[in-house]
Every structure is written in C-alpha cells, then in structure tokens.
Protein chains: 2
Amino acid sequence: MSKILEEVLSANEHYSKNFGKKGDLALPPSRHFAILTCMDARIDPAKMAGLSEGDAHVIRNAGGRASDDAIRSLVISYKLLGTKEWFVIHHSDCGMMLFDDDIMRNLLSKSLDTATIGAKGWEDHGKGPGSKEASYVSFLAFKDLERSVVEDVQRIRRSPLVPSRIPIYGFYYDVKTGKLVEVPEAMKAGKA
Amino acid sequence: MSKILEEVLSANEHYSKNFGKKGDLALPPSRHFAILTCMDARIDPAKMAGLSEGDAHVIRNAGGRASDDAIRSLVISYKLLGTKEWFVIHHSDCGMMLFDDDIMRNLLSKSLDTATIGAKGWEDHGKGPGSKEASYVSFLAFKDLERSVVEDVQRIRRSPLVPSRIPIYGFYYDVKTGKLVEVPEAMKAGKA
C-alpha cells in the first residue's frame with residue numbers, strides 16, 4: 001500500500017471515530033448556497049468561507065472555471081437541492097496563468113510526464129510517447145485573474161438553465177493573505 | 001448585503017487574521033496527490049482525508065464524476081503540478097441516485113424553480129417558463145454507487161492523456177459513519 005493511501009485511510013479512521021452526530025445531516029445544503037472555486041491545494045473552502053459539514057455545495061476544478069460541467073453541477077445544486085446564492089472564487093498565483101492551450105498541447109504531445117517551469121518557460125524532460133489527444137481539449141487557462149472571474153460569472157449568468165433570481169458573487173482569494181477580494185465588475189454581472 | 005455573503009466574509013476575515021505562514025505555501029501540492037469527489041455539502045475532503053492547506057488538489061462536481069472537465073483538471077494536476085496518485089471518491093445517499101436525465105429535463109422544461117421530492121417522486125411547483133436547454137446536457141446521474149466508482153476509475157484509466165503509472169484509488173464515503181469504503185473492482189481497474 002502506498003504511503004499516501006495509508007496516511008489518508010489512517011486520517012479517515014480518526015475522523016470517522018469522532019464523527020458524532022454528523023451522520024444525521026440532511027442531503028440538501030442547510031445554508032442554501034454553493035461555491036465554485038479552484039482545485040488548488042492551498043485553498044480549503046471550509047476554512048476560507050467558514051463552512052461546517054452540511055452547509056454548502058463546493059464545486060472545484062482547475063481554475064474554478066465556469067465550465068459546462070461546473071454549470072451542470074450548479075443547476076443540480078439549485079433545481080434539486082435548493083441552493084439560492086452562488087460564489088465564483090478564483091485565486092492569485094493560479095497555475096492556470098502559467099500556460100495556454102498551445103503550451104499544454106505541445107508538452108503533452110512530447111510526453112505524459114510532469115514538465116517543469118523555469119526561466120525559459122515550460123520544459124519537458126519526460127520520455128515519449130506523448131499524445132495528440134490534447135488538441136481536443138480546452139484547458140481553460142487564463143491571463144488576467146479579475147477578468148477571468150468576470151467572464152465566469154457572466155457565463156453562468158447567461159445560461160438558459162440559471163434563474164435570474166440567483167445572485168452570483170465574484171471574488172478572488174489571495175493565497176498570500178487568505179483574504180477574499182471582491183471583483184466589482186463580477187459582482188455587477190452576477191446581480192440577481 | 002445578503003446574510004450568507006456577510007457570514008462568509010466575516011468567517012474569511014477571521015481565517016485571514018490567523019493565516020500564519022500559510023502565505024508561503026508553494027503552488028504544487030506538497031503531498032503530490034489529487035482527490036476527485038462530490039460537491040455534496042456533507043463532505044469536507046480536508047477532514048475526511050486529513051489534508052492541510054498545500055497538500056493536495058481537490059476536484060469536485062455533482063457526483064464526483066469523471067467528466068471531461070474533471071479529467072482536464074487531473075491532467076493539469078499531474079502534467080504541470082506533479083501529482084502522482086489519484087482518489088475517486090463517491091458517497092452514499094448521493095443526490096445523483098435520485099433522478100435521471102429524463103426526470104431532470106422534464107423538471108427544467110416546466111420551470112427553473114427548485115423541485116421537491118416526495119412519495120410520488122419529483123414534483124415541480126414552480127412557475128414557468130422553463131427551458132429545453134437541458135436536452136443538451138448529460139447530468140451524469142447514476143443508480144449503483146459502487147458501479148459508478150468503477151466506471152469513473154475506468155474512464156480516467158482509459159484517457160490517452162493519463163499515464164499508466166498513476167494509480168487511481170476507488171472509494172465511496174459513507175455519510176452515516178464518515179468512513180471511506182474501498183471499492184475492490186475500482187481499485188483493480190485503477191492499478192498502475
């Protein structure tokens with residue numbers, strides 16, 4: 001068994017031993033809201049936003065982007081499980097600002113190994129074969145953090161499946177300070 | 001300002017005031033692994049799996065499904081940020097087992113308001129107009145929990161962009177006990 005697998009299972013055993021009454025929590029989020037944010041390891045949405053188990057839906061992907069899949073999740077979140085307010089939260093120092101589709105497709109065409117970034121940009125030291133499959137994938141990288149929040153709030157707002165009464169709040173999380181920073185243009189675009 | 005927005009910002013202020021040295025954390029996950037799980041409000045991945053800020057990528061969507069977007073995120077996770085092991089974790093009592101595409105499309109065609117589930121199944125009490133847009137969306141619901149974990153591990157394993165050396169561990173989380181339960185067939189399918 002890998003060290004990580006062992007550690008995760010041992011942490012889980014500890015958690016489940018002290019589970020208390022959390023087994024009685026209902027399925028729908030008790031505080032009726034959802035957060036869409038990045039998969040970044042430095043973000044702990046529960047701590048960042050003050051969530052206890054049972055409070056809120058949390059959707060995460062690379063970048064916290066308003067992908068079709070994130071919108072699928074948000075639609076299920078309100079239509080079947082009653083959330084009424086949504087947050088879109090990107091963050092500073094995001095990995096999504098370090099590449100674009102061309103770079104990623106080029107790296108993956110050379111090898112499937114992990115690349116490294118240096119002064120000259122990304123370098124692939126891996127051995128092939130790579131794959132051309134990445135030509136069929138949009139990786140949803142971005143260059144401008146605040147702009148990316150605005151665009152994602154706008155994309156959710158525009159979905160024909162999203163009721164206009166749901167407010168969508170646009171923020172970014174500053175990984176240096178732990179602070180949520182409002183993006184005024186996104187807040188405007190997300191108004192109910 | 002909504003009560004939820006106020007509460008989230010106040011919790012965040014408290015968190016950032018006690019941020020300590022977390023501002024120094026590096027971008028790549030220090031424990032080199034990623035978790036794909038459900039957006040369900042009862043799941044706190046950090047507590048469930050023993051994560052501190054900076055440890056691991058966490059990807060979440062409705063069901064914890066291996067959607068194209070989840071695979072996009074996993075590919076970025078290993079190729080650019082060096083994760084080496086992945087967990088797919090679905091859970092008991094998942095909302096995704098309470099409907100299918102037909103039900104969801106029918107509900108959304110009637111109204112965009114929240115539906116309720118009773119003895120006779122889902123009922124829409126909302127006022128229209130609804131939207132036919134849901135015909136273009138696969139909501140990725142499932143009927144069999146363990147089967148869904150197997151299928152998602154298999155789908156990730158089959159991706160031409162996923163190196164065969166990455167082990168993919170298949171589990172479900174029991175929301176009544178807080179325990180991670182291994183899905184043997186998924187573990188087999190996810191072997192490196």
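Figure 1. A:Arg147 is partly exposed, its relative accessible area being 32% (buried means under 20% relative accessible area, exposed over 50%, and partly exposed in between, with a 1.4 Å probe and protein chains only). The model shown is predicted, so local features need pLDDT of at least 70 and side-chain atom pairs count only at pLDDT 80 or more, while totals for chains, interfaces and linings use all residues. Residues are numbered from 1 along each chain as its sequence is written, chains are lettered from A and ligands numbered from 1 in the order in which they are written, and side-chain values use heavy atoms, with hydrogens and water left out. The side chain of A:Arg147 meets that of A:Glu151 in a salt bridge of 3.6 Å, N to O (a side-chain nitrogen of Lys or Arg within 4 Å of a carboxyl oxygen of Asp or Glu). Helices (H or I, at least four residues) and strands (E, at least two) are DSSP runs, numbered from the N terminus. A:Glu151 is likewise partly exposed, at 38% relative accessibility.

**Figure 2. A salt bridge between B:Lys47 and A:Glu53****.** The two side chains meet at 3.4 Å, N to O. B:Lys47 lies in helix 2 (residues 45-49) of chain B, and A:Glu53 lies in the loop between helix 2 (45-49) and strand 2 (56-61) of chain A, so the pair joins two chains. B:Lys47 counts as partly exposed at 40% relative accessibility, whereas A:Glu53 counts as buried at 10%.

**Figure 3. A buried pair in chain B, B:Asp40 and B:Arg42****.** The closest N and O atoms of this salt bridge are 2.8 Å apart. B:Asp40 has a relative accessibility of 3%, and B:Arg42 also has 3%. Elsewhere, salt bridges that share partners join A:Lys3, A:Glu7, B:Arg31 and B:Asp55 into one network. The structure holds 30 salt bridges over all chains.

**Figure 4. The surroundings of B:Asn61****.** B:Asn61 lies in strand 2 (residues 56-61) of chain B and is buried, with a relative accessible area of 3%. Its side chain makes a polar contact of 3.1 Å with that of A:Asp69 and another of 3.4 Å with that of A:Arg72. A polar contact is a pair of N or O atoms within 3.5 Å; within protein, one must be able to donate a hydrogen and the other to accept it, and residues adjacent in sequence count only if both atoms are side-chain atoms. Leaving aside neighbours within four places in sequence, the residues in contact with B:Asn61 (heavy atoms within 4.5 Å) include A:Ser73, B:Leu36, B:Cys38 and B:Ala70.

**Figure 5. The interface of chain B and chain A****.** The contact takes 92 residues from chain B and 92 residues from chain A. About 7800 Å² is buried between the chains, with carbon and sulfur atoms giving 63% (buried area is the accessible area, 1.4 Å probe, that two parts lose on being put together, summed over both). In chain B, the residues losing the most area to chain A are B:Met39, B:Arg72 and B:Lys79, together 10% of what that side buries. There are 8 salt bridges between the two chains, and A:Lys79 and B:Asp124 meet in a salt bridge of 2.5 Å, N to O.
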